[in-house]
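Please examine the arrangement of strands and helices in the structure shown here. The paragraphs that follow lead from a sheet to the helices.

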Amino acid sequence: MLPVPDVAAAAPAPGFPPVSDAAAAPAADLGAPLGPETPPVELDRALSELGEAALGFARMPPREKASLLRSLLPGLLVAARPHVEASCAVMGIDPGSAASGAAWLAGPWPTLSHVRLLAEALDDIAARGRPRLGRDALRARADGRVEVEVFPTRLRDGALHGPVRARALMLPGATPAGVREGQARFYQQRDPEGGVALVLGADDVAGVPLRDALHKLFVDGRVVALAMSPRSAPLGAILERALAPLVSRGLLRFVYGGADAGAYLARHPAVAEVHVAGSAAAHDALVWGPSGPSQALRRASGERLLDRPISSTLGGVTPVVVTPWLYGEDELWFQARLLARQIVSNASLAGHEAQVLVLPRGFVQRALLLRMLHRALAAVPPRRPAHPEAGARHAALTAGRAPLERERLDGSADVPLPRGVVRIGEPGPGELPWTLITGLSGSDADEPLFSTEPRCGLLSIVEVGSSDPVEFLDAATRFCNDRLHGTLSASIVAHPISEEDPAVAAALDRALLELRYGVIAVNQAPAAAHAAVVPPWGAHPSATLADIQSGLGFVHNTAMLGQVEKTILRAPLTTFPRPPGFLDHRRSHVVGERLAACAADPRWGNVARAVSAALRG
């Protein structure tokens with residue numbers, strides 16, 4: 001159903017102690033301050049109050065925590081519409097239009113689902129020591145690797161998410177017994193000490209940092225200081241009221257500030273660990289100091305400036321790999337609309353949305369696919385991008401590239417796509433056109449589109465390999481692993497009939513194993529795993545602090561699994577009814593609102609109302 005360099009860290013704001021190299025996130029990552037910053041004295045008070053509550057919360061019985069979570073549902077449901085309105089205001093979208101459906105699907109729906117699913121997991125821990133897994137959920141592959149079927153978990157999941165299935169692939173060496181023993185590690189401790197976790201949320205319109213905070217609270221057992229940009233203050237105020245049961249007990253504090261506030265909090269002695277949701281540049285500034293020669297020296301020597309555990313969910317350049325086959329026009333149109341939805345969604349603000357389309361050289365349906373993609377994008381008026389640096393990034397990434405007419409995309413597949421920029425739509429003030437950059441080759445040296453998250457509604461197109469599916473999948477895997485920055489998510493389009501050929505099936509399985517991404521979706525957007533909440537969400541564990549790529553650690557993961565290497569999600573090539581996230585769904589906002597209500601109270605009557613709205617889209 002769903003690198004333009006960062007500016008240098010700003011000078012210390014009045015009232016904050018001077019920040020040494022130790023760590024300010026780039027100011028661009030948090031945006032221009034549009035709301036009040038929390039003064040240092042209030043930051044100290046917030047951390048002190050959290051510290052006083054940390055031990056009691058750590059040792060709170062799981063069933064009491066489950067009850068606390070359920071007490072959040074009514075307030076979050078009441079806050080759902082204001083949350084959507086605040087998100088739409090950032091992008092200039094009418095909150096009563098179908099276009100606002102994306103805000104419902106990315107914000108209130110997964111947040112409410114996350115709260116309820118965590119409560120169910122804690123009830124399982126109270127009853128049997130660990131979150132439940134299906135009877136046949138754990139299995140060993142032919143190569144000995146262990147995988148866990150994590151989604152769907154309930155009959156209603158099929159009605160709400162369609163025929164989507166997700167499994168977690170465990171790290172090499174994991175055993176079924178070890179996987180079960182490793183579940184819910186925090187709750188296996190006898191007398192946990194707990195502590196204060198800092199979640200640095202940066203700019204966000206979907207409430208993703210809140211879900212990271214929920215993970216820290218109820219999976220890792222920490223109380224949380226949630227630091228948001230002043231740009232996100234309107235959304236933060238809405239969520240703070242909705243989460244009054246946590247705030248009133250001193251378990252969660254919302255604070256606001258830019259680079260200096262983040263640095264001050266991260267190095268505060270009351271903070272036991274830090275989680276960063278933002279950019280790799282922000283992470284590296286915290287760990288190694290501001291960018292420049294001194295940062296490089298510290299990184300090389302391992303001289304960290306942040307001496308506590310740090311996890312992160314960062315962005316990356318997300319590829320969509322299209323395996324060569326003869327697709328039906330309805331199948332290609334479905335996938336073109338799925339791709340367009342990712343480009344348009346928050347104007348590519350999220351790091352897991354499509355940014356590079358990887359096509360086979362000689363793909364006979366290239367022209368048809370690109371015509372369909374252009375058609376889908378042309379039907380959506382340009383929007384105001386949510387990222388504060390979107391305009392600058394768009395200008396930098398398109399500079400020096402010749403304009404290209406859409407008709408030039410229709411050339412023979414035997415000839416590489418011409419190089420150029422296709423702009424789609426007539427943008428108004430503050431808006432950007434949907435943009436395709438064509439003619440890239442996997443061998444292009446120093447191509448900034450391979451190392452930069454556009455975050456401005458831009459998709460680049462590269463051709464690699466050949467029209468042979470086996471050769472292409474191997475070439476595409478090498479290209480994604482070796483040339484693209486980031487390890488968060490990727491997707492592969494593959495016709496199910498192609499897997500009837502054992503060689504193609506083996507090549508696809510090999511690609512799923514070898515691609516260094518934490519979430520890989522087949523015939524679906526990675527955001528489907530995000531919306532499902534249960535699957536582990538995070539970057540591939542091959543990253544290190546010195547080469548962070550898209551981060552370290554997994555969130556969501558309501559089964560509380562350890563030893564995870566990646567989530568693999570699979571879906572059919574097309575689904576019915578039309579997914580509510582599609583740009584041509586006429587009742588997307590109605591479906592999104594009903595899905596939020598269903599997440600809070602998943603009775604079958606609520607499920608039926610959501611499905612009914614989806615069918616009429």
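**The sheet and its helices**

Eleven strands, a count given as 11, form an open sheet with mixed pairing, in the order β1-β2-β3-β18-β15-β14-β9-β10-β13-β12-β11. At the edges stand β1 (138-140) and β11 (420-424), each of which pairs on one side only. From one strand to the next, the twist averages 20°. Strands (E, at least two residues) and helices (H or I, at least four) are DSSP runs, numbered from the N terminus, and two strands pair if DSSP finds at least two bridges between them.

The model is predicted: local features need pLDDT of at least 70, side-chain atom pairs count only at pLDDT 80 or more, and totals for chains, interfaces and linings use all residues. Residues are numbered from 1 along each chain as its sequence is written, and side-chain values use heavy atoms, with hydrogens and water left out.

Within the sheet, strands β12 (residues 434-441) and β13 (residues 458-464) run parallel and are joined by five bridges. Leu-436 stands opposite Leu-459 in β13. Helix α16 (residues 366-378) packs on the sheet and touches β9 (319-322), β10 (356-360), β11, β12 and β13; contact means heavy atoms within 4.5 Å. The direction of α16 makes about 40° with that of β11, where angles run from 0 to 180 degrees between N-to-C directions and axes are lines fitted to C-alpha atoms, for helices over the stretch in contact. Helix α18 (residues 469-483) lies across β9, β10, β13 and β14 (489-493), at about 150° to β10.
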